[in-house]
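Take a look at it first, then read on.

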Amino acid sequence: MPTISLKAGAMSVPVTEAVNPITKNVDVASPLEIVSLLHKCDKEIFEGWNEYKSLYDEEVLATLDKIITVAASIIENAASGLIVLSGCGTSGRIAFLTARTFNAKLSELSRTPCFKYLIAGRDKALFTSQEAPEDDPVCGVEMLKEITDGKTKVLFIGITCGLSAPYVGGQLQYCMENLGVFTPVVLGFNPTHLARNNPIEKWESTFLQVINKMEEMKSSSNVFILNPVVGPEPITGSSRMKSGSATKVLLETIFTGAILSAKSGDRPWQTKSFIQSYQVVCNNLYNAKGSMEAVAQIVELAGNSLKSNGSIYYVGEGTLGIMGMIDASECPPTYGASLSDVRGFLDRGYKSFRNNDGDLSSLGLHFQISFNDMIKDILPHVKPFDVVIYITSDGNVDQRMTKCLCKKALISFAPKSSTVISTDVEVNMSLPKEALISLIGETAFQQFSMLFEEISTKWILNAITTGTHVMKGKVFQNMMVDLKVSNNKLFHRAIGIIQRFSELSLEDSKDCLLRSIYNTDNLSEEIRERPISCHIEAATPLSQVVPRALLSAILSCSVSESQRLLDKEPVIQKVISQTLSGVNQ
Ligand code: S6P
């Protein structure tokens with residue numbers, strides 16, 4: 001297979017969009033190798049990447065401490081204050097989960113819940129990808145105004161892993177214009193100079209300009225930039241993975257600290273120790289005897305299921321069930337999977353989901369999320385090669401959910417002896433209790449151990465869905481080539497992919513993409529000059545836009561000829577590697 005070097009210098013490509021050399025051959029790796037490569041990438045979250053500042057950098061830790069102080073003061077004055085977490089896609093889903101977790105913690109402590117989340121595309125985006133609202137700064141501001149109405153002190157954390165989402169950019173700008181009320185924080189994983197600098201339609205600033213303004217203001221006002229670098233994603237640009245995990249780590253470090261500071265005026269741990277506890281959990285997860293092998297077996301089982309057009313169903317209670325739902329929701333935008341390929345179910349459905357808009361089940365089948373829905377709609381029709389994956393903290397599984405004649409796997413945080421069902425594969429995790437207690441103390445361990453189970457679950461589920469789609473041939477080298485061109489970020493990523501593999505200029509690569517979107521070999525000036533949002537609108541409902549463009553770029557052939565090649569061989573990974581090796585012979 002030819003090795004293709006990245007043409008653009010690493011320093012001009014945002015780290016979150018760069019190619020990770022660790023996984024460059026992940027497309028030809030075995031399930032066990034895939035799991036081990038993903039672990040190597042996850043280690044970079046804590047060990048840092050190149051010369052950039054890591055999670056443990058002094059500046060990052062000092063910024064975290066300052067944000068903890070602001071958050072603690074809001075928790076103490078919850079009647080007039082609010083903590084808003086906002087983001088798009090995975091970032092919005094982690095915002096939701098965090099707000100839900102810490103509101104519950106505050107209720108347990110008999111304090112007023114004061115967390116709210118915002119997600120571009122509203123609650124529908126918790127289950128299905130709603131990429132277009134990500135490009136809308138005006139909508140972001142409107143939603144922020146609506147949710148903060150009447151509040152006099154707001155900590156706003158805008159999460160955008162790539163420092164790129166206009167939805168979040170608009171909100172940050174609005175906060176900076178209203179510093180009397182808002183303390184803005186941007187959370188992302190690129191150095192500031194690599195923030196996105198593309199023009200945003202119907203808006204006067206680029207994201208880079210917003211960040212530059214924050215840089216100017218941060219020394220004199222309560223404006224914070226939290227941007228450690230955790231290195232490129234294992235599947236290029238898939239920020240649900242390392243960046244999503246690092247988002248969870250940082251938000252939880254802030255709010256556990258704030259809750260404890262507000263409760264007792266002091267925390268029994270250093271901020272650094274709390275982050276270290278996730279590192280210990282990460283290493284423990286992958287190093288535990290037999291655990292990588294067991295996860296690899298689930299990858300194999302689930303990969304074979306998807307290859308036979310089967311489905312994967314996550315079944316879980318509480319936040320572990322929600323981790324399953326989040327992982328499932330990311331498969332359509334990341335891998336072009338159908339909504340039925342991977343689904344997540346939660347014990348009490350909307351009764352325990354606690355989302356802003358309440359029960360959304362009337363929106364359709366894929367918004368029906370309870371065990372009852374699964375018993376009614378899925379279990380009677382499961383196929384023998386479908387896979388149900390139970391995720392449980394205590395080893396217990398609702399017996400009604402076990403009555404299915406298909407493959408079964410269990411991910412449990414209880415010893416094997418307490419497992420109540422028989423499955424094809426079982427991953428038994430245990431948290432490294434002693435190490436965690438020595439880092440954060442016994443009380444905090446008791447109070448927050450669920451957070452460590454959640455992140456362990458995230459790492460396992462991300463490995464399962466990544467591995468299965470690699471097995472299905474969706475990934476070429478470590479790049480998902482068949483992406484949907486459904487927002488500005490993905491439009492530019494698509495051009496980057498064509499440029500990378502074809503060695504065409506940026507302009508010519510863009511033309512190739514447009515020819516594929518508009519299914520023409522003669523691109524008019526009128527089409528070229530349309531705003532990017534028009535191209536996105538035209539491309540969103542189409543399939544195989546990027547593979548078609550890529551093949552016609554590499555082979556210098558017509559759009560219809562490249563479609564013909566794709567019709568002959570639907571496995572993208574094969575058709576591209578065959579084409580490239582043909583070209584290189
Ligand atoms: C990425 C995921 C996307 C992103 C979303 C926000 O794996 O599919 O939904 O989360 O595009 O990206 P960002 O960079 O603003 O956090």
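Let's start with Glu503, which counts as exposed because its relative accessible area is 53%. The cut-offs here are under 20% relative accessible area for buried, over 50% for exposed, and partly exposed in between, using a 1.4 Å probe and protein chains only. Glu503 sits in the loop between helix H16 (488–502) and helix H17 (506–517). Its phi is near 65°, a positive value in a residue other than glycine. Helices (H or I, at least four residues) and strands (E, at least two) are DSSP runs, numbered from the N terminus.

Before going further, the ground rules: this is a predicted model, where local features need pLDDT of at least 70 and side-chain atom pairs count only at pLDDT 80 or more, while totals for chains, interfaces and linings use all residues. Residues are numbered from 1 along each chain as its sequence is written, and side-chain values use heavy atoms, with hydrogens and water left out.

Arg122 also has a positive phi without being a glycine, near 55°. Look for Arg122 in the loop between strand S2 (115–119) and helix H4 (137–148). With 38% relative accessibility, Arg122 is classed as partly exposed.

For another distance, take Ala296 and Asn522: they are 226 residues apart along the chain, and their C-alpha atoms are separated by 47 Å. Ala296 belongs to helix H9 (residues 291–307) and is buried, at a relative accessible area of 6%.

## Around the ligand

Which residues come closest to the ligand? They are Ser91, Thr160, Cys161, Gly162 and Lys489, out of 15 residues that surround it. To be counted as near, a residue needs a heavy atom within 4 Å.

An N or O atom in the side chain of Thr160 is 2.7 Å from a ligand oxygen, a polar backbone atom of Thr90 is 3.0 Å from one, and a backbone N or O atom of Cys161 is 2.8 Å from one. The protein covers 92% of the 410 Å² of accessible area that the ligand has on its own. Such areas come from the Shrake-Rupley method with a 1.4 Å probe.

Helix H3 (residues 89–108) has 20 residues and should span 28 Å at 1.5 Å a residue; its end C-alpha atoms are 29 Å apart, which agrees. The expected span is 1.5 Å times one less than the number of residues. Of the 20 residues of H3, 16 are buried, so this helix is largely enclosed by the rest of the structure. Ser110 follows H3 and has a positive phi, near 55°.

Helix H1 (residues 31–47), with its 17 residues, reaches 25 Å from first C-alpha to last, close to the 24 Å expected at 1.5 Å a residue. Its buried residues include Pro31, Ile34, Val35, His39 and Phe46. Just after H1 comes Gly48, with a positive phi of about 85°.

In helix H5 (residues 166–177) you'll find Gln171, which is buried at 0% relative accessible area. The Gln171 side chain reaches the backbone oxygen of Gly140 at 3.0 Å.

## Salt bridges

Side chains of opposite charge can pair when their charged atoms come close. Counting a side-chain nitrogen of Lys or Arg within 4 Å of a carboxyl oxygen of Asp or Glu as a salt bridge, the total is 19.

One of them joins Asp327 and Arg240, at 3.1 Å from N to O. This pair links distant parts of the chain, 87 residues apart: Asp327 is in helix H10 (residues 318–329), and Arg240 is in the loop between strand S5 (224–226) and helix H7 (242–264). Asp327 and Arg240 are both buried.

Glu454 and Lys248 form another, with their closest N and O atoms 2.6 Å apart. Here 206 residues separate Glu454 in helix H15 (residues 442–471) from Lys248 in helix H7, and both Glu454 and Lys248 are buried.

Note on methods: Polar contact = N/O pair within 3.5 Å; in protein donor to acceptor, adjacent residues only side chain to side chain.
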